Amino acid sequence: MFLRKIITAVPNTLTLCNLISGCLACICAFSFDRTIGHVFGTDINGRQLAWILVGLAAVFDFFDGAAARWLHAPSPLGKELDSLADLVSFGVAPSLLLYNILQVWTGSWWIPFVAVFIPAMGALRLAKFNLDDSQATEFKGLPIPANAIFWIGATAWMQSHATQWMHTHVYWGNLIVCAVVFLVAMLMVSDMRMFSFKLKNFRIGENLFRYILLIAAVIFVAAFGVEGFAYTIILYFFLSIANDARRRLASPRP
């Protein structure tokens with residue numbers, strides 16, 4: 001009995017590690033450009049550490065579900081706890097990261113607050129997911145971890161390329177920011193079918209788009225650095241459209 005309690009506690013412990021990583025990322029987001037550490041001989045600022053912590057949260061998020069399956073220890077408590085942790089790590093943390101860069105990037109007092117739309121839609125997305133048993137093999141709407149990965153890449157791109165352009169094109173820059181935030185957040189609560197990353201087997205035919213996405217992600221990150229994560233999620237969007245079209249063509253017509 002004692003051993004069983006330890007086994008069942010493993011997935012929830014990993015979920016709590018996800019939550020702690022997300023909370024630390026939220027803190028680091030407010031030290032956006034301040035050097036706060038020295039890693040492998042290189043200074044690291046709050047923005048970069050927040051990226052790392054969100055990525056670490058994603059690793060814990062993957063392994064808590066895997067551990068629950070491997071140990072035969074799924075539970076309603078674990079499902080609810082997972083959603084609460086995901087909201088912080090993949091909804092609140094990237095929104096605070098975006099909020100802080102927009103304060104510098106836009107020169108506006110109100111534009112940065114559009115970032116709060118991300119966790120609002122993320123919470124709705126997670127609530128819908130918990131009530132929908134049909135999302136075991138595919139998702140309806142953009143998964144909230146994918147939302148976080150996109151904003152990690154997007155904030156890296158904004159920091160590297162767009163600051164000067166934004167200062168000379170304030171109106172269009174603010175409009176584009178609001179539009180992208182709105183579109184990505186609404187995609188989370190849409191009914192668009194997006195394929196899951198879980199592999200039931202290793203056959204190429206059944207996992208073609210997953211393999212394409214994985215290879216592309218490696219290429220994007222190798223070529224563009226952190227901003228390559230944003231390109232990966234954009235590709236995921238289009239591959240999901242293609243996958244859904246292939247599924248519809250393959251299904252028998254009435």
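In the protein chain, residues 24 or more positions apart account for 73% of the contacts (heavy atoms within 4.5 Å) with a separation of 6 or more. The model is predicted, so that local features need pLDDT of at least 70 and side-chain atom pairs count only at pLDDT 80 or more, whereas totals for chains, interfaces and linings use all residues. Residues are numbered from 1 along each chain as its sequence is written, and side-chain values use heavy atoms, with hydrogens and water left out.

The secondary structure of the chain comprises 8 helices and 4 strands, assigned as DSSP runs numbered from the N terminus (helices H or I, at least four residues; strands E, at least two). Along the sequence, these elements follow the pattern α-β-β-α-α-α-β-α-α-β-α-α. Of the 254 residues in the chain, 44% are buried; buried denotes under 20% relative accessible area, exposed over 50%, and partly exposed the range in between, with a 1.4 Å probe and protein chains only.

The largest nonpolar core contains 51 residues, where a nonpolar core is a set of buried Ala, Val, Leu, Ile, Met, Phe, Trp, Tyr and Cys residues joined through side-chain atoms within 4.5 Å. Within this core, L98, L102, L142, W151 and Y236 touch the most other members. Helix α5 (residues 144–168) gives the most to the core, contributing 9 residues. When residues up to four places away in sequence are not counted, L98 touches A115, I118, W151, T155, M158 and V181.

The structure holds 1 cavity of 30 Å³ or more. On a 1 Å grid over the protein atoms alone, a cavity is a set of points where a 1.4 Å probe fits but cannot get out, and lining residues have an atom within 4 Å of a point. The largest cavity has a volume of about 30 Å³, taken as the space filled by probe spheres set on the points, which are joined across faces, edges and corners. Its lining consists of E138, R193, M194, F195, S240, N243, D244 and R247. Two or more of the lining residues come from each of β4 (193–195) and α8 (228–250), and α8 gives the most, with 4 residues.

The count of disulfides, defined as pairs of cysteine sulfur atoms within 2.5 Å, comes to 0. The sulfur of C26 is 6.1 Å from the closest cysteine sulfur, in C23, and therefore too far for a bond. C26 is buried, with a relative accessible area of 11%, while C17 is partly exposed at 26%.

Definitions and conventions
1 Å grid on protein atoms, 1.4 Å probe; cavity = no way out; pocket = protein on both sides within 12 Å on 5 of 7 lines; lining within 4 Å.
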